[in-house]
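Here's a quick briefing to read with the structure open beside you.

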Amino acid sequence: MENTARVKAEEMVGRIDGRLMKNKAIKGIFLTATVFTSIILIILLYRIISQGAPYLSWDFFQNFASRRPEQAGIKAAVVGTLWMMSVVIPTAAILGVGTAIYLEEYAKKNALTSWIQMNISNLAGVPSVVFGLLGLTIFVRVLGFGNSVLAAGFTMALLVLPVIIVAAQEAIRAVPNELKEASYGLGATKWQTIYRVVLPYAIPGIATGSILAFSRAIGETAPLIVVGIPTFVAFLPSGYLDSFTALPMQIYNWTSRPQVDFHNLAAAGIIILLGVLILMNSVAVWIRNRYQAR
Amino acid sequence: MALTAVNSTKNNQAVQAEEQLVYNTKNLNLWYGDHHALKNINLGIKEKDVTAIIGPSGCGKSTYIKTLNRMIDLVPGVKTNGIIEYRKRDIFSKDFLVEELRTRVGMVFQKPNPFPKSIYENIAFGLKIHGIKNKQIINETVEKSLRGAALWDEVKDRIHQPAYGLSGGQQQRLCIARCLALEPDVILMDEPTSALDPVSTLKIEELIQELKEKYSIIIVTHNMQQAARISDKTAFFLNGEVVEFNATDTIFNSPADSRTDDYISGRFG
């Protein structure tokens, strides 16, 4: 009887050592990957901070661009980025959340909507240069905005729009059906259900996704180059049709100069850009945790 | 002369019987895509009755109760024909707004589904969507509804606390209170105790006995003993058809159809 058993406990126990070895080896591979990534990140941060930190001063924030590195500052770029974001945030948020609500709550699920859905997902992966070309054609040339805050802001809004739509759709889809049924069951209209049940539940997800998308808009350079945003600007925009410059443009400009001092200024600019991004991502994490705790 | 008198009394009785119906379903058919889920349903549901709908899984009982307040509209690909009259008005007609139907007919769901808000806000929700803003009216209605659902004494000190802090049974009674706030005519209950423990189930059953004084109740249940305990009339659904509809006593003690007998004596389902 024992001889005919196909599975033998002794044999299996004998293999445990080998399995544990493999277990350890795999863990080692993952650990190495993490350590390697961390080291690269630390080197990068160290280089930028050691280069740029000495240049961070009140004057650096107060001064405009200059041919002389000691007088050059980042004021125009910081203010310009704020101006641009004041176009990007409302445009992308309203269009993105509106589209997401329509697709999730109103649109019939048919071939057309699934085709639109597929295209939105694909747009999220289109290179940013392509959005730059779109902005150049439509906003700068056809609509005649020139290389203004408005043109760049709309271009960036289009760039981040697919990401916001997809994030908002996922947040809306995560709203439990039972809650919507409860609302409809009490005689609520569709809009009342969306406004009082769906959106309050989905807002944390929508906000988190949107903020991450907006921080991408702050860091993108390629669309600004294509739209023709200048790099050397010694004034602040006073309206949405004025020309301006933005943080990544200023950094790009400084790194392409021959003088070492300008490279250090670029590092200082990167520190500021990183600071803004970390701040925005922290806000996103904070919102997520706050609402999850409830 | 005498004959016509008799006839007219008969007619009167018929009219009276008709008048007492909250729901009258006539030749209702329903399809999910190609699946014929409800087949030629004819049911007259009397007011102030507790009407139980029993049957095995997939027999169409939940589909039917969801059709009564047109929650079934939320499911894509559903087709219906036939008539459901609520107080003599066809619920599928264009003049009968679905929002009005659902205001007059409340619904309690299988899983307790309070909103992620406070106990107070859960009940105020229905009033607010119907444009009632007066704080005093809302406060009074919240208390009255919670009392009506036998929940007031347990929660009166914490009505501004999140509803998710309540136990499952309390949450379900909160959902009933949420219905009561709108002073409905009919309350539909779709297996309201299937997610609850026996003690909470008993409380809900007792509550249903109190509620039937004021409201007509239609309850879908998996639990035959529950139907026997609480209902006045019982409809037995099988494969999308009404096999038998009669007084609960008759259904459970002397069913006319052998399939009903098989089901209630536990031979299938």
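How many helices and strands are there in chain B? Chain B has 11 helices and 10 strands, and keep in mind that this is a predicted model. Its radius of gyration is 20 Å, close to the 18 Å that the globule rule gives for 269 residues, so chain B is as compact as a globular protein of that length.

**Chain B overall**

- The C-alpha trace of chain B spans about 60 × 50 × 40 Å along its principal axes.
- Of its 269 residues, 43% count as buried.
- Take the contacts in chain B between residues at least 6 apart in sequence: 67% of these join residues at least 24 apart.

**The E1–E2 hairpin in chain B**

- Strand E1 (residues 21–32) and strand E2 (residues 35–46) of chain B run antiparallel and pair over eight bridges.
- Two residues sit between E1(B) and E2(B) in this hairpin, and B:Gly33 in the turn has a positive phi of about 60°.
- If you want a spot to look at across the pair, B:Leu30 stands opposite B:Leu38 in E2(B).

**Strand E3 in chain B**

- Strand E3 (residues 50–54) of chain B is mostly covered, with five of its five residues buried.
- Which residues point which way from E3(B)? B:Val50, B:Ala52 and B:Ile54 point one way, B:Thr51 and B:Ile53 point the other way, and all are buried.
- E3(B) pairs in the parallel sense with strand E8 (residues 216–220) of chain B over four bridges, and B:Ile53 has B:Val220 in E8(B) as its bridge partner.
- E3(B) also pairs with strand E9 (residues 233–238) of chain B, again in the parallel sense and over four bridges; here B:Ile54 has B:Phe236 in E9(B) as its bridge partner.

**B:Arg104**

- You'll find B:Arg104 in helix H3 (residues 98–104) of chain B.
- Buried or partly exposed? B:Arg104 counts as partly exposed, because it has 16 C-beta neighbours inside 10 Å, and a buried residue would need 20 or more.
- Setting aside neighbours within four places in sequence, B:Arg104 is in contact with B:Pro184 and B:Asp185.
- B:Thr250 is 146 residues from B:Arg104 along the chain, and the C-alpha atoms of the two are separated by 31 Å.

**Helix H6 in chain A**

- Over to chain A: helix H6 (residues 128–142) has 15 residues and reaches 20 Å from its first C-alpha to its last, close to the 21 Å expected at 1.5 Å a residue.
- H6(A) bends by about 30° at A:Gly135, and A:Gly135 is also one of the buried residues of this helix.
- An α-helix has 3.6 residues a turn, so residues three or four places apart point the same way.
- What covers the buried residues of H6(A) includes helix H7 (149–173) and helix H10 (222–227) of chain A.
- Just after H6(A), A:Gly144 takes a positive phi of about 70°.

**Where chain A touches chain B**

- Here 14 residues of chain A are in contact with 19 residues of chain B.
- On the chain A side, the elements giving two or more residues are helix H8 (177–185) and helix H9 (190–219).
- H8(A) supplies the largest share of that side, six residues.
- By type, the chain A side divides into seven nonpolar, four polar and three charged residues.

How values were computed
Residues numbered from 1 in each chain as written. Chains lettered and ligands numbered in written order. Predicted model: local features only at pLDDT ≥ 70, side-chain atom pairs only at ≥ 80, totals over all residues. Expected span 1.5 Å × (residues − 1). Bend = angle between axes of the 7 residues up to and from the residue. Buried ≥ 20, exposed ≤ 12 C-beta atoms within 10 Å, placed from the backbone. Contact = placed C-beta atoms within 7 Å. Nonpolar A, V, L, I, M, F, W, Y, C, P; charged D, E, K, R; others polar. Pairing = 2+ DSSP bridges. Rg over C-alpha atoms; globule rule 2.2 N^0.38 Å.
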